Structures are given as structure tokens and as C-alpha cells.
Amino acid sequence: MPSPKLVDLDYAAELVEPGSSVTVSGITFVRNPSALVAALVERGARDLCFIDREPGFALDVMAAAGLLRCVRAAMASFELYGLAPTVRRLAERGEVEYIEDTCGAVIAGLRAGAQGVPFMPARGILGSQLLELHEKRWGTWRRIRDPWTGEELVAVRAIEPDYALVHVHVSDPYGNAVIEGPRFEDELKIRAARHVIISAERIVEPEELRGFRHTLSATSLHVDAVVHAPRGAWPTAMPGLYRADYEAIRGYVEAARQGRAMEWVKANLSRMRG
């Protein structure tokens, strides 16, 4: 039997070392690990590099708090509100390095990381101006040939974030966890990351998860720490439990566009730490 990994938000935030690479669960306004991000903001973690396919709210909060050195994403989206407001402003000013990627390449890189192989071939990128940037500036893609057909492909270097912060519906104290509804790339992130921190709406005894053993998104082998965080994805949605709070998100967007994102964060997210 593994050891219990249940910790509080402050302890979990202390695990994330400055200078690390970080990815988060969900997309734009769905199942973001907001409580964990609030704890990171409170701790003042610095110099982080953020990696994800389609991040939104959590990314922008981390950017507003000055936690990020770089962002690698296919799109930093706020859905009907446009691009992530703070990330856009900081990237345009050159205050964070923005590594523009594609959805397919990010997924390929995470899949390589999850499978423990150095790269994953991908189609559909050739011809893009991004190819030269990734080859020459960032070293994340490289043109290769299929050894059987000679077809030109792009090898996407494995993405292995130092930390994956993942909000789930249910976990036991050991990190055996269930995500209900859309999982996006979260199971790849859990397996690709060097360290995984789970926050969960409910903590249950292991016996309660026996019926889920074929649908576990994470097991104790993957997870370093577990935090009990009811409504820990707010204001983003938790499928089956609560919807995205668009009134709150609109309030954040308006504040961020005026350069007051942290006022909103302190007034709203700080309460998630209990």
C-alpha cells in the first residue's frame, strides 16, 4: 500500500520550484486548477515556463501575477472574449517569451513524453513559418524523413513538464483519481510530467474507487501530492458539477484589460485557499 499524499494547498504550492515548466488541466474555461493556481500566486512562485495546448483562465492569472518567464501554447484563448488579455499584453511588450505552437504538435509532444520516447512524428506543419522558428530558435521541432516511404515529416520533441497541476472530480488520498466528462490531454500530461499535483472536488476512501479501476485518469504511481479543493476549478466549469461562471470571468477580463487583474484575483481567488 502506498503512503497517503494528502496535503494542503500551501504545501502543494511549495512543491513547485522556481524556474520549472508547468502545465495545467482542462482548457480555456473548463476544469482549470484554480485553487492550486491561487496558492501558487500567494506563494509567489517565479520564473515558470507554461506549456499547454489551449489554456485560458489559469494561464492568464499566472501571467498577471508575474509568475511566468515563457508561454508555449497553440492558442491562449478566452473564448468569446478573444485572446487571454494579460498574456497578449505581456507577449506584445516582450515581457514574456511566447512560443507559438499548434494543437497537433503540442499533443504529439505530450504523447511522446507520456510514452517515454524522444519525439513523435507529425503531419500538417510543413509549410508553416513556425517550422523555422521551432527548428532554429526553440529547438522543439525538426524535419525528418519516414525511413520507409521517404515522406517528409516533422519530429516534435517530447514535452515533459516538470509539474502538471490537475483538477479532478474524485481522488483517494493516494492519488488514484477520476476525471468525469472531457479529459482533453490531461491523461497525457499526467504521464508526461515529472511531478503531478492533484486537486480534487472529493476525497474518498480507496474502496469507493474500485468501480472506477478501468477509468482511472491517474494512479498513485503518477501522483506526488493530493489536495482537497471543493469548487477548486471556479470560475471555470467542472463538468457534471458546476458550469463556468461567465459573470465572474467577464469581471476578470474587464479588470485585466485595465491592468487590474491582480485586484480581481486578490478579491476572488484568495478565498479559495480557505
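Residues are numbered from 1 along each chain as its sequence is written, and side-chain values use heavy atoms, with hydrogens and water left out. Because the model is predicted, local features need pLDDT of at least 70 and side-chain atom pairs count only at pLDDT 80 or more, while totals for chains, interfaces and linings use all residues.

Strand β3 (residues 48-52) runs parallel to β4 and is joined to it by five bridges, two strands being paired if DSSP finds at least two bridges between them. Within this pairing, V71 in β4 stands opposite F50. Strand β5 (residues 97-100) also pairs with β4 in the parallel sense, over four bridges, and here A73 stands opposite E100 in β5.

Helices connect these strands in turn. β3, α3 and β4 make a right-handed β-α-β unit, and β4, helix α4 (residues 85-93) and β5 make a right-handed β-α-β unit as well; a crossover is right-handed if, with the strands pointing away from the viewer, the path from the first strand over the helix to the second runs clockwise. Helix α3 spans residues 57-64, and seven of its eight residues are buried, so this helix is largely enclosed by the rest of the structure. The buried residues of α3 are F57, A58, L59, D60, V61, M62 and A63. After α3 comes G66, whose phi is positive, near 75°.

F57 leads on to the aromatic rings. Rings of Phe, Tyr and Trp (its six-membered ring) pair if their centres lie within 6.5 Å, and planes under 30 degrees apart count as stacked, over 60 as edge-to-face and the rest as tilted. By this rule the count comes to eight aromatic pairs. One of them joins F57 and Y252 edge-to-face, at 5.4 Å centre to centre with 70° between the planes. Since F57 lies in helix α3 and Y252 in helix α8 (residues 246-257), the pair ties together parts that are 195 residues apart in sequence. Y252 also forms an edge-to-face pair with W264, at 5.4 Å centre to centre and with 80° between the planes. W264 belongs to helix α9 (residues 261-268) and Y252 to α8, so this pair ties together parts that are 12 residues apart in sequence. Y252 is buried with a relative accessible area of 0%, and W264 is buried with a value of 10%. Ring pairs link F29, F57, F78, Y81, W234, Y246, Y252 and W264 into a cluster.

Next come the spaces in the model. On a 1 Å grid over the protein atoms alone, a cavity is a set of points where a 1.4 Å probe fits but cannot get out, and a pocket is an open set with protein on both sides within 12 Å along at least five of seven lines, lining residues having an atom within 4 Å of a point. Grid points are joined across faces, edges and corners, and a volume is the space filled by probe spheres set on the points. The largest pocket has a volume of about 290 Å³, and of the 13 residues that line this pocket, I51, R72, T140, A158 and I159 are the closest to its centre. The largest cavity has a volume of about 30 Å³, and its lining consists of L9, A12, A13, V16, L36, A39, L40, L165 and I197.

Key:
Buried < 20%, exposed > 50% of the residue type's maximum accessible area, 1.4 Å probe, protein only. Helix = DSSP H or I, 4+ residues; strand = E, 2+ residues; numbered from the N terminus.
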